[in-house]
Amino acid sequence: MAVAEESHFGRAAARLGIAQPPLSQRIQRLERELGVRLFERTSRQVTITEAGTLLLAEARELLGRSEAFLATARRIRDGETGLLRAALCPDISGETVAALLAGFRRRSGLELELHELSTAQQLAGFASHDLDVGLIHHPCDVAGLELGPILRRDLGVLLPRGTAQAGLAEVPLASLTGYDLVLFPRDTAPAVYDDLLTACARGGYTPAAVRHGQGASFVRGLVLSAGAVALVPQDTRLAATGAPDPDLVWRPLAGAPLARRTSVAWPKGRGDAAVGAFADAATHALRTTAGAWAETTARPLHLRPASEFWL
């Protein structure tokens with residue numbers, strides 16, 4: 001027993017990189033704190049006492065728990081465990097959401113707390129430190145944020161099946177003159193809203209009126225009954241069941257003049273393995289389920305003045 005414990009004692013010292021005298025001093029300090037003698041020492045050997053033997057099993061258990069605790073702390077520090085607070089914009093399709101969640105589970109063991117928030121709400125969440133990562137639309141104020149790849153989804157027009165434009169393979173923007181336009185509420189993404197109206201005006205389409213809605217059923221009702229059209233990506237064309245809508249059709253716009261630009265965003269300096277896993281999963285999901293693609297020449301992300309639409 002004496003030889004074994006002495007060998008264990010020496011190996012522990014070597015593993016910890018501690019010279020024998022400092023280790024002996026620490027053991028003596030521990031003995032004073034515990035009020036029991038752990039080792040009997042002579043000039044020739046060190047043997048464990050009965051008290052030391054009784055405490056050894058618990059000491060080993062405590063040491064194992066301490067190592068596990070430190071390992072968990074390292075994983076949390078490196079973004080490999082814990083809780084990730086993330087958000088997606090409301091217009092992301094169910095298929096994309098499902099693919100993102102599946103991809104994130106494959107890439108990370110973290111718990112994902114996922115919210116449906118507009119771009120404006122996500123920016124506020126970043127500022128208040130209530131959100132770790134999100135999927136936002138551009139343009140927006142990206143000061144203080146880091147961004148993943150900016151992906152483009154071309155917008156098409158959703159319109160009643162019986163209209164003249166529904167018979168076209170591609171619909172010119174100018175041909176929509178006379179229709180109201182259904183858009184998301186401006187306060188959810190002000191710069192995106194203004195940018196879209198500006199692009200419509202430049203393409204020859206100034207809507208008679210702008211009606212606001214986000215829910216698929218509500219937007220569908222407005223398009224069918226209010227002489228309106230909606231501009232949406234093909235993957236979010238309000239086909240709730242995946243089957244063709246008997247009353248509505250989606251058509252691409254001639255020349256692809258309008259697009260939805262999206263990227264993962266997170267506060268500067270707060271990116272870690274968890275954020276990276278979410279960014280990778282979201283980017284892959286958008287590419288594979290929504291047909292998103294990265295433009296070869298990135299579009300500037302500066303904000304246009306809101307008044308430009310009216311010029």
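Contact here means heavy atoms within 4.5 Å. Leaving aside neighbours within four places in sequence, L253 is in contact with L155, G156, V157, V171, L173, L176, L231 and L258. The model is a predicted one, in which local features need pLDDT of at least 70 and side-chain atom pairs count only at pLDDT 80 or more, while totals for chains, interfaces and linings use all residues. Residues are numbered from 1 along each chain as its sequence is written, and side-chain values use heavy atoms, with hydrogens and water left out.

L253 also belongs to the largest nonpolar core, which has 24 residues. A nonpolar core is a set of buried Ala, Val, Leu, Ile, Met, Phe, Trp, Tyr and Cys residues joined through side-chain atoms within 4.5 Å. Buried means under 20% relative accessible area, exposed over 50%, and partly exposed in between (1.4 Å probe, protein chains only). The residues with the most contacts inside this core are V157, L176, Y205, V229, L231, L253 and L258. Two or more residues each come from β7 (151-160), β8, α6 (190-202) and β10 (228-233); helices (H or I, at least four residues) and strands (E, at least two) are DSSP runs, numbered from the N terminus. The largest share, six residues, comes from α6. A second, separate core has 23 residues, including L84, A86, L110 and A281.

Charged pairs come next. The structure holds eleven salt bridges, each a side-chain nitrogen of Lys or Arg within 4 Å of a carboxyl oxygen of Asp or Glu. In one of them, D91 pairs with R260, and the closest N and O atoms are 2.4 Å apart. D91 lies in the loop between β3 (83-88) and α4 (94-107) and R260 in strand β12 (residues 259-267), so this pair ties together parts that are 169 residues apart in sequence. Both D91 and R260 are buried.

D180 forms a salt bridge with R211, at 2.8 Å between the closest N and O atoms. This pair links distant parts of the chain, with D180 in strand β8 (residues 180-183) and R211 in strand β9 (residues 210-212), 31 residues apart. D180 counts as buried because its relative accessibility is 9%, whereas R211, at 34%, counts as partly exposed. Salt bridges that share partners join D91, R153, D235 and R260 into one network.

H138 is in strand β5 (residues 133-138). H138 is buried, with a relative accessible area of 5%. Its side chain makes a polar contact with the side chain of S263 at 2.7 Å. A polar contact is a pair of N or O atoms within 3.5 Å; within protein, one must be able to donate a hydrogen and the other to accept it, and residues adjacent in sequence count only if both atoms are side-chain atoms.
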